[in-house]
Every structure is written in structure tokens, then in C-alpha cells.
Amino acid sequence: MKLLLTVFKRIPKPAVCAGHQRCLSSCASSGLLACRDDALIVGSSRELVQRLGSQVEVRTSFITEEEESAFLRELEPGLKKKRYEFDHWDDAIHGYRETERASWGAACEEVLSRVRSVAFPEGSPLLGPVHILDLDKAGYIKPHIDSVKFCGSTIAGLSLLSDSIMRLVKEDATNEWLDLLLPRHSLYILRDQARYDFTHEILKDEESVFNGQKVPRQRRISVICRNLPG
């Protein structure tokens, strides 16, 4: 099932730090200067970051390199049969391959069980197949809001193969925005207002800058879980 997206275009704005000061330790999975998990989000104001604090999460090192490899072993054979597309059916994604998967091997299923337990309310019915989105190095996702017809209050995604920047912009007030640094092996979670009232996008490589630091984009696979509308 293809997910219906509503696309909103806007002029990108430079990031202004509204989070905690970055730490100087190395990020084991990516080589980036690392932040604590609650400092991987910057925004247009401290008030906005604080207001959405319970609705936007980035959990670093949520999966191991071995678990990433398990996902790639399951996904690569099918993805390699597809060509990258540069004209999405509703113009929301550029340079991508996608698929859905309902059954997994034991290692991947264990990871997805962890995702469900931390991201979704207990007993919340989930959208059946897991959505897999493979972005080429030159690919990117344009600003959109996932259709409320198919998706509920929560979106959770694993980041494989590459770091990236996710940008959220308030639909009716584009001067309000957040940038999320999504390191490789991390899990992001969008809930409630952050999911319904803000567009989200993955920045193209030439725009991939977080709080003044260039974040090189490589090929990126996201493993995305969603719940059903309530």
C-alpha cells in the first residue's frame, strides 16, 4: 500500500541552536561530534524545543552494527531488484526505492519489538507491514505530513547506513521549526502535535548541516513503523 502524503513547500531556514551544548566525545557509529540524545534537536526557539520535548525523540545507538547488518541481509536482495526513482507519484520523494515487509527473521523482529515497546502506547494497533525507504546518496524527502487516513499519532523510524538531518516545520507558521540530527543506528519518534501539525523532511546532502556542522549524507535506509488512526 502506498502511503498518501500531503506536500508543503517552504524556504529552508538556517538552524539556530535551542538545545543543549554539544559534547566533544566521538560518536561511535558515525564519527560526528556527538550530543546527548536530548541535544540532537535544535530549533527556532528554546520554547518550541521544550514544548515539543515529549513529542520528538532521537535515541542514538538504538541498534548495533550487527543488527544493522541483519536488516541489510534481509532487505538488500529485494531492494537490488528495484531501480531508484526520481519522480515520486506525488512529488514527495526524490531518488528512492521503497518496499514493505510483514515478516522478519528473529534478529530483526527482536529489534522491531524494541521499537514498538518504546515508541507506541501499549495496545496501540500498528499499521501492518513495515515501510522500508531506501534513499540514494542524491535522494531526499520533501516536506510532507503523512496522511491521517492511514497513519495514527506516532511515527518511528530506524536509520541505517547514514547520518541525516530531519527538519520539522509548523504547517501554519513556517517560522517555527526543529532540526533533528539522526545518526546512523538511531531511532527517531514523532508523536501527536509534532506528527500532525509539522511537516517533516530529510535534507539533501548539500543542505545537510546541523547547528553549523556539515553532516555528509550517504545512501540511507529507513525502517518505519506507524500506528493506525485511533
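**View 1. A salt bridge between lysine 137 and aspartate 205 in the predicted model.** Lysine 137 forms a salt bridge with aspartate 205, and the closest N and O atoms of the two are 3.9 Å apart. The pair links distant parts of the chain, since lysine 137 lies in strand β5 whereas aspartate 205 lies in the loop between β10 and β11 (209-210), 68 residues apart. Lysine 137 itself is partly exposed, with a relative accessible area of 38%.

**View 2. Aspartate 134 and arginine 97, a buried salt bridge pair.** Here the closest N and O atoms are 2.9 Å apart, and the bridge joins aspartate 134 in strand β5 to arginine 97 in strand β4 (residues 93-101), 37 residues away in the chain. Aspartate 134 is buried at a relative accessible area of 0%, and arginine 97 is buried as well, at 9%. Through salt bridges that share partners, Glu76, Arg97, Asp134 and Arg219 are joined into one network.

**View 3. Glutamate 57 and arginine 191, another of the 17 salt bridges in the structure.** The closest N and O atoms of glutamate 57 and arginine 191 are 2.7 Å apart, although the residues are 134 apart in the chain, with glutamate 57 in strand β3 (residues 56-59) and arginine 191 in strand β9. Arginine 191 counts as buried, with 15% relative accessibility.

**View 4. Helix α3 and its buried face.** Helix α3 (residues 106-119) has 14 residues and reaches 20 Å from its first C-alpha to its last, close to the 20 Å expected at 1.5 Å a residue. Its buried residues are Cys108, Val111, Leu112, Val115 and Ala119; seen down the axis of α3, they fall within an arc of 95°, so they line one face of the helix. On the other side of α3, Ala106 and Ser117 are exposed, while the cover over the buried residues includes α2 (65-79), β5 (130-146), β6 (154-160), β9 (187-191) and β13 (220-226).

View 5. Phenylalanine 198 is buried, with a relative accessible area of 0%. Leaving aside neighbours within four places in sequence, its contacts include Leu48, Leu52, His144 and Ile145. Valine 169, which is 29 residues away in sequence, has its C-alpha 5.0 Å from that of phenylalanine 198.

**View 6. Residues 1-36, where the pLDDT is below 50.** The protein averages a pLDDT of 85, and 82% of the residues score at least 70. Where pLDDT is low, the predicted coordinates should not be read in detail.

Conventions. Residues numbered from 1 in each chain as written. Predicted model: local features only at pLDDT ≥ 70, side-chain atom pairs only at ≥ 80, totals over all residues. Heavy atoms only, no water. Helix = DSSP H or I, 4+ residues; strand = E, 2+ residues; numbered from the N terminus. Expected span 1.5 Å × (residues − 1). Buried < 20%, exposed > 50% of the residue type's maximum accessible area, 1.4 Å probe, protein only. Arc of directions from axis to C-beta. Contact = heavy atoms within 4.5 Å. pLDDT = per-residue confidence, 0-100. Salt bridge = Lys/Arg side-chain N within 4 Å of Asp/Glu carboxyl O.
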